[in-house]
Amino acid sequence: MCPSVSVVIPTYNRPYPLAELLEALSRQTYKPFEVIVVNDGGEPIDDVVALYPELDIRVIDRRDNEGHVAARNAGVQAANGELIMLCDDDDLVLPCHLERMVAALEHADFAYADAEIVQYRVENDQRVPFARFLFAYEYDLEAMRTFSTYVPSGSVYRKSLHDEIGSFDPSIHNYWDWDFFLRAASVCRVARVAAATVLYAFSADGDNMSRQLDDRRRQYLRRLCEKHGLGDLPVKNFWLLLDEPEVARRRAESEVIWDGQPIVSRFWAQKKRGNY
């Protein structure tokens with residue numbers, strides 16, 4: 001029997017990227033899975049979800065915008081699947097992704113994939129990729145205490161993990177994924193899947209949370225360091241970190257699958273035809 005999977009997606013006022021993600025999920029070769037979209041106090045998304053009737057989608061509408069970490073916790077709590085797959089609403093997964101991740105869990109409890117970091121420009125509400133680079137690094141738990149190369153989108157793990165380590169920590173906010181990974185890796189078998197089956201959206205103009213070098217982000221990093229005994233880690237620019245010798249030496253080969261074409265959603269197509 002194939003294990004059931006719950007895909008948990010927090011979203012907030014990004015209907016077009018969310019529709020692209022639902023389109024990507026509709027193309028998955030693995031079945032069965034459910035999709036739990038947590039609308040974190042944003043505008044209604046019923047018109048987006050309605051275009052994917054073949055997907056088993058549940059929408060959790062939260063009255064207030066409490067943040068992406070709390071939204072993920074709500075999604076996991078509502079999940080029925082034996083396995084959880086996390087995904088941000090602006091990231092994408094290739095058709096073979098879920099199948100490969102579930103296969104990796106035959107000998108592990110937690111699996112994450114390599115990614116392509118993708119920069120987009122928006123043309124008539126359609127995201128068009130204009131730059132991409134491979135984000136693939138050897139799994140080295142000790143090294144990941146200094147710089148995490150874990151991409152949470154697309155990662156799959158056994159839901160029972162939360163019974164052991166608890167929920168995602170909203171007090172760390174930007175670093176919720178790093179914290180979650182370190183906690184998970186301390187108690188379970190981790191597998192890195194050497195295939196870039198995740199397309200991770202990244203903005204070079206500073207809009208992406210991972211580029212916000214402000215006092216609040218430093219506060220979150222201090223909390224993370226205190227929680228895991230990481231020492232005094234500095235807040236650094238993401239791009240500069242990739243070039244540091246201790247990070248660069250971990251670069252690894254990976255299978256690149258994506259053909260570089262944008263994913264066109266039914267929502268975008270309907271809008272362009274004037275049906276909404």
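How many of the 11 residues of H3 are buried? Eight of the 11 are buried, and H3 is mostly covered.

## Basis of the model

This is a predicted model, in which local features need pLDDT of at least 70 and side-chain atom pairs count only at pLDDT 80 or more, while totals for chains, interfaces and linings use all residues. Residues are numbered from 1 along each chain as its sequence is written, and side-chain values use heavy atoms, with hydrogens and water left out.

## Annotated domain

UniProt, in an unreviewed entry, places the feature "domain: Glycosyltransferase 2-like" at residues 6-165. UniProt positions follow the numbering used here, feature names are shortened, and annotations may be inferred rather than shown by experiment. Over residues 6-165 the chain is 25% helix and 34% strand, where helices (H or I, at least four residues) and strands (E, at least two) are DSSP runs numbered from the N terminus. The end C-alpha atoms of this stretch are 19 Å apart.

The buried residues of H3 are Val69, Ala70, Ala71, Arg72, Asn73, Ala74, Gly75 and Val76. Buried means under 20% relative accessible area, exposed over 50%, and partly exposed in between (1.4 Å probe, protein chains only).

Asn80 sits in the loop between helix H3 (68-78) and strand S4 (83-86). Asn80 counts as exposed because its relative accessibility is 61%. Apart from neighbours within four places in sequence, Asn80 is in contact (heavy atoms within 4.5 Å) with Ser4, Ser6, Glu34 and Arg58. Asn80 and Lys159 are 79 residues apart in sequence, with their C-alpha atoms 9.1 Å apart in space.

## Helix H6

Helix H6 (residues 176-185) is mostly covered, with 10 of its 10 residues buried. Among them are Trp176, Trp178, Phe180 and Leu182, along with Asp177, Asp179 and Arg183.

Phe181 lies in helix H6 and is buried, because its relative accessible area is 1%. Beyond neighbours within four places in sequence, Phe181 is in contact with Phe110, Tyr112, Tyr139, Leu141, Met144, Tyr150 and Val190. Phe181 and Ala50 are 131 residues apart in sequence and 34 Å apart in space, C-alpha to C-alpha.

## Cysteines

The structure holds zero disulfides, a disulfide being a pair of cysteine sulfur atoms within 2.5 Å. Cys96 is in no disulfide, and the nearest cysteine sulfur, that of Cys87, is 14 Å away. Cys96 counts as buried because its relative accessibility is 17%.

Cys188 is likewise in no disulfide; its nearest cysteine sulfur, that of Cys87, is 20 Å away. With a relative accessible area of 15%, Cys188 is buried.
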